[in-house]
Amino acid sequence: MLNWLAGMLTDPNVRWILFGSLLLGLGNGVIGSFSYLRKQSLLGDTLAHASLPGICISFMLSGVKSVGLFVVGAILSGMVATFGIHAITRYTRIKQDAAMGIVLSFFFGIGIVLMTHIQHSGNGNQSGLDKYMFGQAASMMKPDLYMMAAVSAGLILLSILLFKEFKLVSFDPGYARGLGYPAAALEQLLLFLTVVSVVAGVQAVGVVLIAALLITPAAAARYWTHRLGVMVVLAGLFGALSGAAGTLVSSALDNLPTGPVTVLSATSLFVLSALFAPGRGVIAKALVSRKVKSDYVLQQAGNSPELQTTVKASGEEV
Amino acid sequence: MTGIFPLQVSNLTVAYQKKTVLRNVGFNIPEGKLIGIIGPNGAGKSTLIKAILGLVPKVDGEVSIFGGSYRNRRKQVGYVPQRESVDWDFPTNALDVVMMGRYGHLGWFRRPGAEERRLGMECLDKVGMSAFSGRQISQLSGGQQQRVFLARALAQEADLYFMDEPFAGVDAKTEKAIIGLLHQLKSQGKTVLVVHHDLATVEQYFDHILLVNGELIAAGPTNETFTPENLQRTYGGTMALIKGNAASPGYGGDASC
């Protein structure tokens, strides 16, 4: 196992891809923490699915597979999707969850139609575009990696700089406005960063599953701490670990897409956290409630006269 | 009195979608008083506060705070939102929430430091919560959460305070602590506006009242304004019995024990 790992790490290509996916997981985990706390987990998923038509249209217009152009296209279609959700919730009686469901499937449907069209167009350049569905880290070129790493680094830097502001607006946006912070602009910025982090990861993890890298590490990190700073860092680490695991396993096994492996790694971390985390974990909670019950039974025994004698007989002080 | 009112509102109108919530509200608030905003559910009491603070857009009207716009005077304004307006399972502790009251003074990018911690602890102490500074906020009782919100507003070191139903769902002990704090603020010359529900305690708690139901029904010193006729106009005929009781002078005294 270690030999296998060492062998892979000597390959400079793999090292680069590993580095990129580490940064990607880190950035997604950090931004995802804020999405999670603002109860917008599903929005990340909607934005990811909505990026597919944007990517396809960029390709159809330019005829080249350029990550930069894809990012622009994905951000634009992500913005149209957000606008769509906003319009539906505002002008109809439909609530946000249903609006997101409608927009997500509609955009993904358009994306699939466009992608099928591209694949049958006979354009030689199109090979590999289908990898955007489930991600293929191994298919990434150096410029793609640079792009992904730069975007993730930028996300992390902004989150450090604006940590106080993001915290305030995630906890109590009304109060933030009262203090004079442009809460709406900060919320828009967080949304924009979510789009960017989703799009940056699309090639590595795929549009279908990238949202998991946003949500699952944050949900896992929440189990371990009561402090936002620690949660954000932990979510980043969980994301980085999942990204790295996904990349390594999918590089080692041919034809295995990166996305599913990354998601499975993140989910394993989540299950471990949900079970074993002290305080909030399922096992810790069960132990606490058992202790409370047994303490109560003992106390009752101490209070009731007929049981008192038996307790006293066994030499226990009440 | 300096001659400048802490708060002047004229011609304020607010509408959500198509429904007008507040119509043509205007009043001046004197300095250094405790003012109750009273009215039935859905009367627009919270909306009034939110419109003054610019949290909901107003259709028409002027708001002047210490003679200036809210934008320029916001460091003089403290705000206590309704407790239910946030998710208390947020990963943070009581002191951290209180220090948020300093974020407006800190400005962009700067993090709270030792000075903010000291002030935060001082404010927690004032609401009797210093023992809970490190407690995760979801593990506080409703009354304790309300006191944390009050401490956060105190940390703003403002001159004019807006409190949205601080007495909602708190126990007698917390209610007493809050009232003590309000009187302390008043003795320091601060002005406090409180959205309030319990008619039985109005006369006991507030110097002035604003009676609101979609529009301003009456405003002025409590002893002149808290009359059966005004309450009738605010709450409508169905409230006749309660109103009669609440307005009788002996009732407020009985409720104070």
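**Exercise 1. Find the residue of β2(B) that stands opposite Leu7(B), then describe the pairing around it.**

Solution. Step 1: Leu7(B) faces Ile29(B), a residue of β2(B). Likewise, Gln8(B) has Asn28(B) of β2(B) opposite. These positions come from a predicted model, in which local features need pLDDT of at least 70 and side-chain atom pairs count only at pLDDT 80 or more, while totals for chains, interfaces and linings use all residues. Residues are numbered from 1 along each chain as its sequence is written, chains are lettered from A and ligands numbered from 1 in the order in which they are written, and side-chain values use heavy atoms, with hydrogens and water left out.

Step 2: Strand β1 of chain B covers residues 7-16 and pairs with β2(B) in the antiparallel sense over seven bridges. Here a strand is a DSSP run of E of at least two residues, a helix is a run of H or I of at least four, and both are numbered from the N terminus. Two strands count as paired if DSSP finds at least two bridges between them.

Step 3: The two strands form a hairpin with two residues between them. Gln17(B), in the turn, has a positive phi of about 50 degrees.

**Exercise 2. Work out the strand order of the open sheet in chain B and say which strands stand at the edges.**

Solution. Step 1: The order of the three strands is β2-β1-β4 (chain B), and the pairing is antiparallel.

Step 2: β2 (19-29) and β4 (60-65) of chain B are the edge strands; each has a single partner strand, so one side of each lacks a neighbour in the sheet. On average, neighbouring strands of this sheet are turned by 20 degrees against each other, direction ignored.

Step 3: Helix α1 of chain B (residues 45-52) lies across β1, β2 and β4 of chain B and runs at about 115 degrees to β1(B). For such angles, axes are lines fitted to C-alpha atoms, for helices over the stretch in contact, and the angle runs from 0 to 180 degrees between N-to-C directions. Contact means heavy atoms within 4.5 Å.

**Exercise 3. Trace the salt bridge between Arg38(A) and Glu187(A), and state which parts of chain A it ties together.**

Solution. Step 1: The closest N and O atoms of Arg38(A) and Glu187(A) are 3.8 Å apart. A salt bridge requires a side-chain nitrogen of Lys or Arg within 4 Å of a carboxyl oxygen of Asp or Glu. The structure holds 13 salt bridges over all chains.

Step 2: Arg38(A) lies in the loop between α2 (12-37) and α3 (41-62) of chain A, and Glu187(A) lies in helix α10 (residues 183-205), so the pair ties together parts 149 residues apart in sequence.

Step 3: Arg38(A) is buried, with a relative accessible area of 16%. Glu187(A), at 26%, counts as partly exposed. Buried means under 20% relative accessible area, exposed over 50%, and partly exposed in between (1.4 Å probe, protein chains only).

**Exercise 4. Examine two salt bridges between the chains, Asp96(B) with Lys167(A) and Arg280(A) with Asp89(B).**

Solution. Step 1: In the pair of Asp96(B) and Lys167(A), the closest N and O atoms are 2.4 Å apart. Asp96(B) belongs to helix α3 (residues 94-99) of chain B and Lys167(A) to helix α8 (residues 163-171) of chain A, so the pair joins two chains. Asp96(B) is buried at 18%, and Lys167(A) is buried at 7%.

Step 2: For Arg280(A) and Asp89(B) the closest N and O atoms are 2.9 Å apart. This pair runs from the loop between α13 and α14 of chain A to the loop between β5 (77-80) and α3 of chain B. Arg280(A) is partly exposed at 22%, as is Asp89(B) at 30%.

Step 3: Salt bridges that share partners join Arg222(A), Arg280(A) and Asp89(B) into one network.

**Exercise 5. Locate the nonpolar surface patch of chain A and name the elements that give two or more residues to the patch.**

Solution. Step 1: The patch covers about 710 Å², and its residues include Trp224(A), Val271(A), Phe276(A) and Leu287(A). Patches are made of residues with over 30% relative accessible area and no salt bridge; like charges are joined within 9 Å, nonpolar side chains (Val, Leu, Ile, Met, Phe, Trp, Tyr) within 5 Å. Accessible areas come from the Shrake-Rupley method with a 1.4 Å probe; for residues, only the protein chains shown count as cover.

Step 2: The elements are α13 (258-276) and α14 (282-303) of chain A. The largest share, four residues, comes from α13(A).

Step 3: Leu287(A) lies in helix α14 of chain A and is exposed at 52% relative accessibility.
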